Amino acid sequence: MTTARRIAHEFLERQGLTTIFGNPGSNELPFLAELPGSFRYVLGLHEGAVVGMADGYAQVTGRPVLVNLHAAAGSGNAMGALTNAVYSASPLVLTAGQQVRSVIGMEGMLSNVDAAQLVRPLVGWSGEPACAADVPRSLAQAVFEAKLRKRPTYLSVPYDDWETEIDPNAAAVLDREVRRSAAPSEQDLDWLAKQVTEAKNPALVLGGDIDTAGLFDRAVALAEHLALPTWGAPSPFRLPFPNRHRLFRGVLPAGIADISKAVEGHDLVLVLGAPVFRYHQHVPGRYLPEGTRLVQVTGDAEAAARAPMGRALVADPGAVLEALLALPAREGARTDFVPAPEPATARDALHPEQVFAALRDTQPEDTRYVVESTSTNAAWWRQMDLRHGGSYFFPASGGLGFGLPASVGVAMGDPGRPVVGVIGDGSANYGITALWTAAQYRVPVTFVILRNGSYGALRWFAGLLGTPDVPGTEIPGMDFTSIAAGYGVPATTVRELGELRAQLATAPEGPRLIQVDTALTTPE
């Protein structure tokens, strides 16, 4: 006989889930006991930061990652960060401790009443084993559901289950393997090829799923092969195309009428690896111009089903890319790049464009940027020059607190590429405890904090909504260098452009934080 814990540990090891991001409570300790030496436990000081780190790690590795949370309270703390992981399709496997079975019904302290329901609106699957013997199978289901659905899953386990001796049949999960294939049919590919070849002026819209799937270079090849003007889908959490490429038309605005205006004149809009569409600010109008057709190709069946217009093909975008690359080339392809304009300046502080130009000029070209500074979006895209896949990460649902933790997770997931976190002062407070984890594990990441003393995006929205007199948009008086020092991260404040460039020109051996006072800007 063996215990549920021993089988669970061996299953996780065979599946490659040996890095655990967590913040444990008492209910979780029995699972963590006797953890094999091949496992690495990455401690975060708040569950939101824990999930943010795991989200970044999963995105950069492309593999499921285990997250260990505490019962209902800890799981609740994590749900804000969980929304980002849902929309970035990160296969997180969330495990949470539960009270012993005999006192759950009495709602003993730290009971998670109806645990599977707590996160169910967000996760792809959630559950709690019916008995201790079902723990290994339930854990395997959580892992495979995350892989298949490309969405976080959640498993609550009563803590007395882990040490229970269970039937040898439970070990059958150790050799399980589940795979998914979503290759389009020849008929589907023929239909899609006809749509593209018969279009007089087709356009391409690429979503973050293209970069997630490692198809960045193939998407560039397709756009060049067919001479397709290319946009990034609205509210991108990953960059699927070089932003200074001659064919790139920018990121589509997130308003209905604005998108319709942007694609005017194109008779076909081909959307690969993106929902149709993730609108944000309410700008009503026609979904598409008169005479424009839309075809969506996505591996996400839910995204295809909920789209309000167009025709959709649920299939692997990679297979579709390869099929379209076999079509005859169109004339007029461009393969060159547009230089960035001179950065804007400001009177009393550095303009964000100056900061981004400094990053562009000083950082290696394969640097990964984790960005959480909404009010500087326009400045960012004007100055940056990103030509490699996996170069850009942004909170997929807009939930704040992603930037600092995700920077740590991205750097831990791929130590071979430099990582810079570009974080607004408002956003930084939501995930500030990630600095401690970065210091303790000596993660080589540069945090650039843009301090303007304001929730800049809120001020912009206040103008859009006609509510300029609302309170709560100013946040003066914060010193992130002192905060960082308290967590063990070396930090400095810069106010001059030359000083900033000098700081950025050095490569960090561990984490560092650079606070930059910047002028207030808006997303557009």
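Just after α4, A89 adopts a positive phi of about 60°. The model is predicted, so that local features need pLDDT of at least 70 and side-chain atom pairs count only at pLDDT 80 or more, whereas totals for chains, interfaces and linings use all residues. Residues are numbered from 1 along each chain as its sequence is written, and side-chain values use heavy atoms, with hydrogens and water left out. Helices (H or I, at least four residues) and strands (E, at least two) are DSSP runs, numbered from the N terminus.

**Helix α4**

- The 17 residues of α4 (residues 71–87) should span 24 Å at 1.5 Å a residue, and the end C-alpha atoms are 23 Å apart, which agrees; the expected span is 1.5 Å times one less than the number of residues.
- A kink of about 50° is centred on G80 in α4, the bend at a residue being the angle between axes fitted to the seven residues ending there and the seven starting there.
- Among the buried residues of α4 are A71, G74, A78, L82 and V86, where buried means under 20% relative accessible area, exposed over 50% and partly exposed in between (1.4 Å probe, protein chains only).
- The buried residues of α4 pack against α3 (47–61), β4 (65–69), β5 (92–98), α6 (115–118) and β7 (153–158), with contact meaning heavy atoms within 4.5 Å.

**Aromatic pairs**

- The count comes to 12 aromatic pairs, where rings of Phe, Tyr and Trp (its six-membered ring) pair if their centres lie within 6.5 Å, and planes under 30 degrees apart count as stacked, over 60 as edge-to-face and the rest as tilted.
- W380 and Y392 have ring centres 6.2 Å apart and planes at 40°, so this pair is tilted; because W380 lies in helix α15 (residues 377–383) and Y392 in strand β16 (residues 392–393), the pair ties together parts that are 12 residues apart in sequence.
- Both W380 and Y392 are buried, and the rings of Y392 and F394, with centres 6.2 Å apart and planes at 10°, form a stacked pair.
- One aromatic cluster is formed by F356, Y369, W380, W381, Y392 and F394.

**Parallel sheet**

- An open sheet of 6 strands has the order β16-β15-β17-β18-β20-β19, with parallel pairing; its edge strands, β16 and β19 (491–494), each pair on one side only.
- Strand β15 (residues 368–372) is joined to strand β17 (residues 419–424) by 5 bridges, two strands being paired if DSSP finds at least two bridges between them.
- R368 stands opposite V419 in β17.
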